[in-house]
Amino acid sequence: VSWKRRKAVAEDLKRIYQSATVEEAEQRLAEFEARWDEEYLPISQSWRRNWARLIPFFDFPPEIRKVIYTTNAIESMNMSLRKLAKNRGSFPSDEALLKLFYLALRNISQKWTMPLRDWKAALTRFTIQFEERLPQ
């Protein structure tokens, strides 16, 4: 997406994943297609191709969705592990790689000091929805 249009496209995509129901999300996706397919067809094609994987997201209440919107922490962790493995080149054994990743993950997790935004509301919803899985 061109820099000039990135904000508008992102806003329209946000309307899809912030929809309250699957039906509303489908309507928002159709609106997105009508507006943007002429210029950015691959975006809506990707959404349609992966729709079955996306719709379980709408089963969660908004409090939980806010916490699972972003994958920044996962992406950051994967980037750190890739960088570490790439710089080393090769490893004498799989066990050596696992040990290196274990130590790297310990260091990475110590940097996670910022609490997740809206975590308290999400935790309350998790406790209600998954009562049998969460200890009191």
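The model is predicted. The protein has 7 helices and 0 strands. Its radius of gyration is 20 Å, well over the 14 Å that the globule rule gives for 136 residues, so the protein is more spread out than a compact globule.

**Overall fold**

- Read along the sequence, the pattern is α-α-α-α-α-α-α.
- The C-alpha trace spans about 55 × 45 × 25 Å along its principal axes.
- Among contacts with a separation of 6 or more, 59% join residues 24 or more positions apart.

**Surface and burial**

- Of the 136 residues, 21% count as buried.
- The accessible surface comes to about 10700 Å².
- Carbon and sulfur atoms account for 56% of that surface.

**The largest nonpolar core**

- In soluble globular proteins, nonpolar side chains tend to be buried together.
- Here, the largest nonpolar core has 12 residues in all.
- Its members are Val 9, Leu 13, Ile 16, Val 22, Ala 25, Leu 29, Phe 32, Trp 36, Tyr 40, Trp 47, Trp 51 and Phe 58.
- Two elements give two or more residues to this core: helix 1 (3-17) and helix 2.
- Helix 2 provides the largest share, with 7 residues.
- Leu 29 is one of the core residues. Setting aside residues up to four places away in sequence, Leu 29 touches Ile 16, Ser 44, Trp 47, Arg 48 and Trp 51.
- Of these partners, Ile 16, Trp 47 and Trp 51 also belong to the core.

**Ser 44, a buried polar residue**

- Ser 44 lies in helix 2, which runs over residues 22-49.
- Is Ser 44 buried or exposed? Ser 44 is buried, because its relative accessible area of 1% falls under the 20% cut-off.
- The side chain of Ser 44 makes a polar contact with the side chain of Asp 37, at 2.4 Å.
- Beyond neighbours within four places in sequence, Ser 44 is in contact with Leu 29, Phe 32, Glu 33 and Asp 37.
- Among these partners, Leu 29 and Phe 32 are members of the largest nonpolar core.

**Pro 135, an exposed residue**

- Pro 135 sits in the segment after helix 7 (119-129).
- Pro 135 is exposed, because its relative accessible area of 74% is over the 50% cut-off.
- Pro 135 and Asp 12 are 123 residues apart in sequence. In space, they are 39 Å apart, C-alpha to C-alpha.

Technical notes:
Residues are numbered from 1 along each chain as its sequence is written. This is a predicted model: local features need pLDDT of at least 70, side-chain atom pairs count only at pLDDT 80 or more; totals for chains, interfaces and linings use all residues. Side-chain values use heavy atoms; hydrogens and water are left out. Helices (H or I, at least four residues) and strands (E, at least two) are DSSP runs, numbered from the N terminus. Buried means under 20% relative accessible area, exposed over 50%, partly exposed in between (1.4 Å probe, protein chains only). A polar contact is a pair of N or O atoms within 3.5 Å; within protein, one must be able to donate a hydrogen and the other to accept it, and residues adjacent in sequence count only if both atoms are side-chain atoms. Contact means heavy atoms within 4.5 Å. A nonpolar core is a set of buried Ala, Val, Leu, Ile, Met, Phe, Trp, Tyr and Cys residues joined through side-chain atoms within 4.5 Å. The radius of gyration is taken over C-alpha atoms; the globule rule is 2.2 Å times the number of residues to the power 0.38. Accessible areas come from the Shrake-Rupley method with a 1.4 Å probe; for residues, only the protein chains shown count as cover.
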